[in-house]
Amino acid sequence: WDMFVLAFVERLFRPTYKKDDFVLGKKLGEGAFGVVYRVSWAKKPSSKEGDLVLKKATEYGAVEIWMNERVRRACSNSCADFLYGFLEKSSKKEAEYWLIWRFEGESTLADLIQSKEFPYNVESMILGEVQDLPKGLERENRIIQTILRQLLFALDGLHSTGIVHRDIKPQNVIFSEGSRTFKIIDLGAAADLRVGINYIPKEFLLDPRYAAPEQYIMSTQTPSAPSAPVAAALSPVLWQLNLPDRFDIYSTGLILLQMAFPSFRSDSGLIQFNRQLKRCDYDLIAWRKSVEPRANGDLRRGFELLDLDGGIGWELLTCMVRYKARQRVSAKAALAHPYFDKEGLLALSIMQ
Ligand code: ADP
Ligand code: MG
């Protein structure tokens, strides 16, 4: 209850906004459940700076507002900076939920990995000016390590708060130009298991390209949402039993795969990989055995990158992309994996 009282008090003292405070700009995205625009302030109060992002959402917007409020209080660095959410009732149309964030930057990880320059295009974004180091696998590996570490750090924040994102993919990872780090966006499919919010499985929302093989986040024996107080008491146990956070870990493993192998960065490439892996019963080691003998240059280079430093990158990947959820590492355990020990130059320059 403390949490709810705190939330209520915080809400009372926070500024509220309405439709007329914002001027619509470019459309940034359109999904089945909402449209996203870049917007600016209609009247720029001196304390309000910079552009914003608006999502006009359907009925699921209520849950997304709830998730964003919770993230802002519990793990604000994990996700895009959320300002406010409200119900906009217009006379003609159905009611819409409006959600407002700070505009974090121009590029999602999806945009960045599609570039021929990847991962060097990210190096300059993270570090500003880049020293004139030789390009090569070692350097690429360092950049990929840094991206993955930031992503796992954000994910660990969400999971420690009790939130499973369920739609982790490069399109939902934004580069925050202000903090020069990657943050997670789009809590539209997220579930908060500790209080039972959005507990109803919404499999139809899941992106099949990045979804782990299990269909249900929670076991099928817990099909409906218990009322909130019951869920609050039960769900830490359910969390332990079902490890729903490992769903996000599988998706994150696929992101590591795409960063390491250029040929899996396109939709068709990723779909092809998924098909190959399924044929190997989701056994990544068997998959490697089946493709490596006839691997082209791109594929071979990806294996070479993951094999650096005694193969710790490959080892981590095999801990993330596994059929059984309970055999996948948690975000916290992944952050402690030796893959992240040797970050050398990049880690040093970030600390300075
Ligand atoms: P959708 O439900 O359409 O997937 P998202 O929340 O993922 O909605 O937002 C759609 C797109 O809008 C993102 O892929 C990203 O390009 C952009 N976007 C969303 N939030 C922000 C933000 N805070 N800052 C900058 N761009 C954003
Ligand atoms: Mg999205």
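How many of the 25 residues of α5 are buried? The count is 20, so α5 is largely enclosed by the rest of the structure. Buried means under 20% relative accessible area, exposed over 50%, and partly exposed in between, with a 1.4 Å probe and protein chains only.

This is a predicted model: local features need pLDDT of at least 70, side-chain atom pairs count only at pLDDT 80 or more, and totals for chains, interfaces and linings use all residues. Residues are numbered from 1 along each chain as its sequence is written, chains are lettered from A and ligands numbered from 1 in the order in which they are written, and side-chain values use heavy atoms, without hydrogens and water.

Helix α5 covers residues 137-161. Helices (H or I, at least four residues) and strands (E, at least two) are DSSP runs, numbered from the N terminus. The expected span is 1.5 Å times one less than the number of residues. For α5 that gives 36 Å, and its end C-alpha atoms are 36 Å apart, which agrees. Gly-162 follows, with a positive phi near 95°.

Asn-172 sits in the loop between β6 (163-164) and β7 (173-176), Asp-186 in the loop between β8 (181-184) and β9 (191-192). Asn-172 is buried at 5% relative accessible area; Asp-186 is partly exposed at 25%.

Finally, Asp-207 lies in the loop between β9 and α6 (228-242). Asp-207 is buried, at 10%. Beyond neighbours within four places in sequence, Asp-207 is in contact (heavy atoms within 4.5 Å) with Asp-167 and Lys-169.
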